[in-house]
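Take a look at the predicted model below. The report then goes through its contacts.

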Protein chains: 2
Amino acid sequence: MAQKRLGNQTVQLQNSPTIIATASIVGPKEGKGPLSSYFDKILEDDLCGEKSWELAESKMVKEAMQMAIDKTSYVMSNVDYIFAGDLLNQLMSTSFAVRDLKRPFFGLYGACSTMSESLSLASMIVDGGFSDLVIAGTSSHFCSAERQFRFPLEMGSQRPLTAQWTVTGSGCAVISSKGKGPKIRRITTGKVIDEGIKDPNNMGAAMAPAAVDTIRTYFEDTNDDIDSFDIIATGDLGKLGMDIAKEFLMKSGYDISKIYTDCGVEIFDSKKQDTHSGGSGCGCSAVTFCGYIYNKLINKEFNKVMLVSTGALLSPTSTLQKQSIPSIAHAVIIQND
Amino acid sequence: MAQKRLGNQTVQLQNSPTIIATASIVGPKEGKGPLSSYFDKILEDDLCGEKSWELAESKMVKEAMQMAIDKTSYVMSNVDYIFAGDLLNQLMSTSFAVRDLKRPFFGLYGACSTMSESLSLASMIVDGGFSDLVIAGTSSHFCSAERQFRFPLEMGSQRPLTAQWTVTGSGCAVISSKGKGPKIRRITTGKVIDEGIKDPNNMGAAMAPAAVDTIRTYFEDTNDDIDSFDIIATGDLGKLGMDIAKEFLMKSGYDISKIYTDCGVEIFDSKKQDTHSGGSGCGCSAVTFCGYIYNKLINKEFNKVMLVSTGALLSPTSTLQKQSIPSIAHAVIIQND
């Protein structure tokens, strides 16, 4: 039996992979939201001087990765691996960004679960002795996502109240085998869960069962104490999905309500900012973690955190073919010493 | 310094992750090609009883994974992680396939490099002590890829002679910390390389520099002897890309010509089968490795192999935006005891 396993889906890291730095860049709308003060950079416009939204997103990714490395004593050429991905078809923004960074790259797709997917793999690779320095990151962009997954922005489509607003932002973390910072302690990798939801405008409801499955599995695998956490943050279930997740967990005997939040709920003031059920997109949990949560970990306001980024693995093709929405959620447990 | 590193981009695995079984399923055209006798299953038609090509591809993935596990003494619930991905937007075929397998899943996107990307990550996770049993796999389907990346099949577009033919097929490997079979010894993870090629009908030329970079880096990192290999197989450069790679490597002082082949060249009889420069798609190196190469390793006809799956990280959007084609190649070195 592999030594590091706990229960069915969880691993315990033994060599303390450390998040030595993070960086977060967001769009103008996110920069007016409640987490504004936690971000490293707020763009003045969505195009950031590029010719397309896709290239703008790519520029954000590259800048966030460089910015995170610049906060450490390392340079980009010290990085052994980049683990990253985004929402665009064929990971356009990530592939174009890492082209200029000239480091070994593993492309990931987990829809909006990519932040915790990349943190999971990056920390296992460091913990396993394969590298001393790795970058994990992701991004999304409201305009590039909207036109790929939904309608041309120019149509001005009405959005139902269950819909979420794709975050424009990129967050990334630098993980090292040494140095100061919060440590990644445990990882619970999610299964693909599909409860038959078919409405692509209600992804919170589609993803909530995946979040519930992963959180419940973590506690079953480890017998850990819910009260030992300062915060459990799901990926981007939004207000509706968060309520569903809370209720389902309660019914399974896990009352996390005192310490539970959702990155999609935190990032926007949904009433003032007209974002309906909340934020979404890979960038949502990425900038909420790399900005807000990481900052609170560094300041010791939080000492033990569970980040559960959630992804809806639908595609426009699967929706047209009347398929339901498979979802996934990965949990990463991060702790100060 | 992490203990397992060799040079700049290579790691040495120390706990002998073993490929204990593989499975390969191909379409009717691939089943008429020169490697026909090495595949586990040849489909009678491209739809395999499903309503869409995407769902047919998904069915192939699920079947290949189950078939590979059935060749071992394990059952699917013993699998700790599935590492997989495909060419479709949002990994539709993989996400829908693994939904029914109910195992922890890491979604990968490396275009046609996904077979060696999944083998790399899967074997590092086993080597690092995080798991005793992991699946690595990928797929592609001519019809689903053609309509997503190029034109509706009904148009009957003419294909230039530099074009390749997307393989319909799924291949997957079961990797374990114990058991019999060839071992994964070393991994060289590729950087994204872009030499400015913009023609999406000439992906061999776009990907060749990535293959050259990774193969050259492997030999620089390890000082290994070219003659110790029985075969070096690149991903799917096709005939044109293979010639470019061979020439560029020769100019760098690495003459691999005696032991060099390309999965895209092996899989079709390009003259009789009208496949122009050869096969392509994630499934190309997947079924060539999981069928042909693995079989030769088991029979000791090959004892040391380098698989270098190559991916062109373009998207239809990036092509429309007149961008060049970023490419990547990952090398996995597999050896009998």
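## Domains of chain A

This is a predicted model. Chain A splits into domain 1 (17-176) and domain 2 (183-335). Their centres, taken over C-alpha atoms, lie 18 Å apart. In the contact, 54 residues of domain 1 of chain A meet 51 residues of domain 2 of chain A. Together the two domains bury about 4100 Å², and carbon and sulfur atoms give 65% of that area. On the domain 1 side, A:Tyr38, A:Cys112 and A:Gln164 supply 18% of the buried area, more than any other three residues.

No salt bridges are found across this domain interface. Polar contacts are found, in 21 residue pairs, both residues being at pLDDT 80 or more. Several elements give two or more residues to the domain 1 side, among them strand 3 (18-26), helix 3 (114-127) and strand 7 (133-140) of chain A. The largest share, nine residues, comes from strand 3 of chain A. By class, the domain 1 side has 27 nonpolar, 20 polar and seven charged residues.

## Chain A against chain B

Each chain brings 64 residues to the contact between chain A and chain B. The buried area is about 5200 Å², 60% of it on carbon and sulfur atoms. A:Gln90, A:Phe106 and A:Phe130 supply 15% of what chain A buries against chain B, more than any other three residues.

Four salt bridges are counted between chain A and chain B. One of them joins A:Arg99 to B:Asp194, with the closest N and O atoms 2.6 Å apart. Elements giving two or more residues to the chain A side include helix 1 (53-70), helix 2 (92-99) and strand 15 (327-335) of chain A. Helix 3 of chain A gives the most, with six residues. The chain A side has 28 nonpolar, 22 polar and 14 charged residues.

## B:Asp230

B:Asp230 sits in the loop between helix 6 (203-222) and strand 11 (231-234) of chain B. With a relative accessible area of 32%, B:Asp230 is partly exposed, because that value falls between the 20% and 50% cut-offs.

Beyond four places in sequence, B:Asp230 touches B:Ile259, B:Glu301, B:Phe302, B:Asn303 and B:Lys304. The side chain of B:Asp230 reaches the backbone nitrogen of B:Asn303 at 2.4 Å. B:Tyr260 is 30 residues from B:Asp230 in sequence, and their C-alpha atoms are 8.8 Å apart.

Notes
Residues numbered from 1 in each chain as written. Chains lettered and ligands numbered in written order. Predicted model: local features only at pLDDT ≥ 70, side-chain atom pairs only at ≥ 80, totals over all residues. Heavy atoms only, no water. Domains from an automatic or database assignment. Contact = heavy atoms within 4.5 Å. Buried area = accessible area lost by both parts, 1.4 Å probe. Salt bridge = Lys/Arg side-chain N within 4 Å of Asp/Glu carboxyl O. Polar contact = N/O pair within 3.5 Å; in protein donor to acceptor, adjacent residues only side chain to side chain. Helix = DSSP H or I, 4+ residues; strand = E, 2+ residues; numbered from the N terminus. Nonpolar A, V, L, I, M, F, W, Y, C, P; charged D, E, K, R; others polar. Buried < 20%, exposed > 50% of the residue type's maximum accessible area, 1.4 Å probe, protein only.
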